[in-house]
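Please examine the sequence and the model shown here.

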Amino acid sequence: MARVDKDKLNLAEVSAIGIGGMIGGGIFAVLGLAIATAGHAVVLTLAGGGVIALLTGLSYAHLGLHFRGDGGSFTYIDKAFASPLVAGCAGWLLVVGYVGTLALYATAFGDYGATLFGLGGARPATAVLAGLVLVGFLGINLRGARTSGSVELGVVAIKLLILAVFAAAGFIGIKTAHFVPLFDRGIASPLVAVALIFVAYEGFELIPNAIDEMADPEHNLRRAIVIAIVLTTIIYIVVAVAALGNLTPAQIQQDQEYVLAVAARPTLGEAGFVLIGIAALLSTASAINATLFGAARLAMVMAEEHALPQVFALQERIRPVPYVSLLALTVLSLAFALLVPLPAISGFASATFLVIFAAVNFSALRLSGRIGLSPSIPLAGGLLATASLGLLLWHDWQVDRMSLYLLLAVYGSVVAIQIVLTVRRGRLPPGGLTPLART
C-alpha cells in the first residue's frame, strides 16, 4: 500500500498542475492586454476572473469526487444532460481549446527564448523553440504521471520565486499616481477585460482529470483546486500592481507582450529583464506540461465513450499513459502554433473555456443534490460565466468581427460534426435533436 501511495501525486504536486496551467498563460501572455484594457481597475478585472474561477472550481471539485475518472468536463456534462450530442460538442470544444492553449504557450516560449538569445522577431528561431518545448514535454508525459507531477512542482516553485523577487522589487518603486482615477477607461472596460483574458484562469480544471493518479483525493482534490485558484489570483493581482505602478500607460500599450520584463527594468535593470525572461520560459513550459497531461487523459476518455476514434484510448501496458492522445495533441498544437495567428487563438480559447465552465456549472446545478453542493454556487458561477461570454461576443462584434466570425465558424463546425457522428451511431434520431434513451 505504501508503494502505491508513493507513486501517487501529493497535494503540492496536484496544486502545481493547476497553478502551472493557469500562470503560464496569464502572467506572461495576457497581463499586458488586461492592463491595457481595464486600465487602473485591472485589479478588479483579475479579482472578478478569480471569483468566476473559484465558483466553477467548487463545482469541479464536487463533480470530480462523485464521478471518478480522467474525463473531467466531458464526463460531468455527459452525466448531467445524458445527451451524446451535448457531451460530444463539449468534448470536442475542450480538445480544440486545449490545442489552442498549447499552441499559445509554445509560441510564447519560442518568442521569449528567441528574445533572450538575441533573435527576437526571427520566426524560424521561434518555431524551432516552440517545437522543442512541445516535444520535450511530450517525452516527460510519456514517462508517466509521477514524473510529470514532480517536474511540475519544481518548475512552479522556481517560477513563483522569481515572480516574488519581481513583486518585492517592483513595490519599492511604485508610483501611486499611476492608480488614479480608478476607472480611467470607464466602468465597462474592467468587465470586458475579464472576458478577454479569461484564458488566464484556464488550468485548474486539469486537476480533476488526474484524480486516478492522486493520493487521498477525498481530501486533496478540493484543497488543490482552491489553493491553485486563490494563489494564482493573488499572484496576478500583486504582479499587476507592481507592473502598473512602474510603467506608464504608453509603455504598457507599446510592450504588451513583454510588459513584466519591461516593468522589471526600473528597479532590477537589465538583469531583471533577463530574470523575467527566464521566468517566462519556465512559466510557459510548466503550462504546456500541465495542459498536455490533462488534455491527453480527456481525449482518452472521449475515445472510450466513442466520441473520438478508438485509437486515442490506447495506453501503455506497464504504465497507464495515453501515448496516442499525447502524440496527436503535440502534433496538432505544433501545427496551430505555426499556422494560426495568436490573437485568434487567444480569443477562441477564452470564449471556449467560458462556454465549458458555464456548462459545467449548470451540470453541477442539475446534479447538486447528488454531489452534495449548494445550488447557489453553480448557479452563480454559470450566470457569471455566461455574462462574461456575452461581453466577449459583444466586444468582438464592436471591435474585431473577423474573430467573431471565426469563433462562430469553428463552433458551427463542431456541432455539425458531432450531429453527424451521433446520428451514425444511432444515438440521435435523424429527424431531430432529442437523444435516444441511453442503454
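The model is predicted: local features need pLDDT of at least 70, side-chain atom pairs count only at pLDDT 80 or more, and totals for chains, interfaces and linings use all residues. Residues are numbered from 1 along each chain as its sequence is written, and side-chain values use heavy atoms, with hydrogens and water left out.

**Cavities**
- Six cavities of 30 Å³ or more are present; a cavity is a set of points, on a 1 Å grid over the protein atoms alone, where a 1.4 Å probe fits but cannot get out.

**Lining of the second largest cavity**
- Helices H13 (342-366), H15 (376-399) and H16 (401-424) each supply at least two lining residues; helices are DSSP runs (H or I, at least four residues).
- H13 makes the greatest contribution, with four residues.
- By class, the lining has six nonpolar, two polar and one charged residues, with Gly counted as polar.

**Salt bridge**
- One salt bridge (a side-chain nitrogen of Lys or Arg within 4 Å of a carboxyl oxygen of Asp or Glu) is found in the whole structure.
- Asp184 and Arg185 form a salt bridge through their side chains, at 3.6 Å from N to O.
- Asp184 is partly exposed, at 30% relative accessible area, and Arg185 is partly exposed, at 34%; partly exposed lies between buried (under 20%) and exposed (over 50%), using a 1.4 Å probe and protein chains only.

Key:
1 Å grid on protein atoms, 1.4 Å probe; cavity = no way out; pocket = protein on both sides within 12 Å on 5 of 7 lines; lining within 4 Å. Points joined across faces, edges and corners; volume = space filled by probe spheres on them.
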